[in-house]
Amino acid sequence: MLKSEARKLYKEKRQALSAIERAKMDDLMLIQLQTVQLPFITFLLSYWPIEENHEPNTHLFTDYLEFQNPDLIICYPKTNFEKDTMQAVQTNEDTRFHKNGFRIGYGKGFYDRYLSQCRSECLKIGFSYFEPLDTIDDANEFDVPLNLCVTPTTVYVF
């Protein structure tokens with residue numbers, strides 16, 4: 001399957017889920033995340049879920065990781081659409097957010113470009129309501145792979 005086909009398929013599958021189904025799956029993913037022995041985390045780059053796209057509630061996962069790592073520095077992406085760049089911006093309880101439009105899986109490559117510049121020990125975790133595909137036919141050397149993919153039923157290690 002091509003990346004564009006996978007994006008369309010998974011977006012349609014997410015749209016078919018009710019709010020109750022998504023909330024249950026978010027809770028199950030949090031339970032799965034809690035089974036993983038993670039190293040001490042200093043920095044976390046998260047993202048604000050786009051509600052109309054029925055994305056996983058990353059706030060649950062971020063809150064859990066912050067509870068486990070009280071001095072955790074939480075960052076969110078800030079994109080520059082004119083330069084096709086993204087930077088991680090440190091946040092706190094007073095940070096004001098503006099809708100950011102695109103993320104990993106939406107085809108603009110912001111995260112791949114950003115993550116390719118990170119240190120090799122940077123842990124990359126994805127969250128999905130659905131099981132991952134076995135292969136993506138048009139994956140290329142610029143696609144940065146995940147270390148883990150958390151689903152409601154398991155944690156995949158790559």
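These are my notebook entries on a predicted model of one protein chain.

**Ground rules**

I number residues from 1 along each chain as its sequence is written, and I use heavy atoms for side-chain values, with hydrogens and water left out. Since this model is predicted, I ask for pLDDT of at least 70 for local features and 80 or more for side-chain atom pairs, while totals for chains, interfaces and linings use all residues.

**Entry 1: confidence**

I looked up pLDDT, the predictor's confidence in each residue, from 0 to 100. The protein chain averages 90. I note that 95% of the residues score at least 70. Where is confidence lowest, and where is it highest? The lowest mean, 86, belongs to helix 4 (residues 110-115). Helix 2 (residues 19-34) has the highest, at 98.

**Entry 2: overall build**

I took helices (H or I, at least four residues) and strands (E, at least two) as DSSP runs, numbered from the N terminus. The protein chain has four helices and six strands. Along the sequence I read the pattern α-α-β-α-β-β-α-β-β-β.

I then checked the radius of gyration, taken over C-alpha atoms. The globule rule is 2.2 Å times the number of residues to the power 0.38. For 158 residues a compact globule would be near 15 Å, and the protein chain agrees because its value is 15 Å. Its C-alpha atoms fill a box of roughly 40 × 40 × 30 Å along the principal axes.

Next came accessible areas, from the Shrake-Rupley method with a 1.4 Å probe; for residues, only the protein chains shown count as cover. The protein chain exposes about 10,400 Å². Carbon and sulfur atoms supply 54% of that area. I call a residue buried under 20% relative accessible area, exposed over 50%, and partly exposed in between (1.4 Å probe, protein chains only). Buried residues make up 35% of the 158.

I also looked at contacts (heavy atoms within 4.5 Å). I kept those between residues at least 6 apart in sequence, and 63% of these join residues at least 24 apart.

I count two strands as paired if DSSP finds at least two bridges between them. For angles, I used axes fitted as lines to C-alpha atoms, for helices over the stretch in contact; angles run from 0 to 180 degrees between N-to-C directions.

Strand 1 and strand 2 are parallel, over three bridges. Strand 2 and strand 3 run antiparallel, joined by six bridges. Which residues stand opposite Cys 75? Leu 45 does, and so does Gln 90 in strand 3. Strand 2 and strand 3 form a hairpin with four residues between them. In its turn, Asp 84 has a positive phi of about 55°.

**Entry 3: Thr 79**

I found Thr 79 in strand 2 (residues 73-80). Is Thr 79 buried or exposed? Thr 79 counts as buried because its relative accessibility is 16%. Leaving aside neighbours within four places in sequence, its contacts are Thr 85, Met 86, Asn 100 and Phe 110.

**Entry 4: sheet 4-5-6**

A further open sheet of three strands has the order 4-5-6, with mixed pairing. Its edge strands are strand 4 (125-127) and strand 6 (155-157). The twist averages 20° from one strand to the next.

Strand 4 and strand 5 (residues 148-150) run parallel, joined by three bridges. Ile 125 stands opposite Leu 148 in strand 5. Helix 2 lies across strand 4, strand 5 and strand 6, running at about 140° to strand 5.

**Entry 5: two loop residues**

Val 36 sits in the loop between helix 2 and strand 1. What does Val 36 touch, not counting residues up to four places away in sequence? It touches Leu 148 and Val 155. Val 36 and Leu 148 are 112 residues apart along the chain, yet their C-alpha atoms are separated by 9.7 Å.

Trp 48 lies in the loop between strand 1 and helix 3. I list Trp 48 as partly exposed because its relative accessible area is 45%. From Trp 48 to Val 155 I get 22 Å, C-alpha to C-alpha, across 107 residues in sequence.
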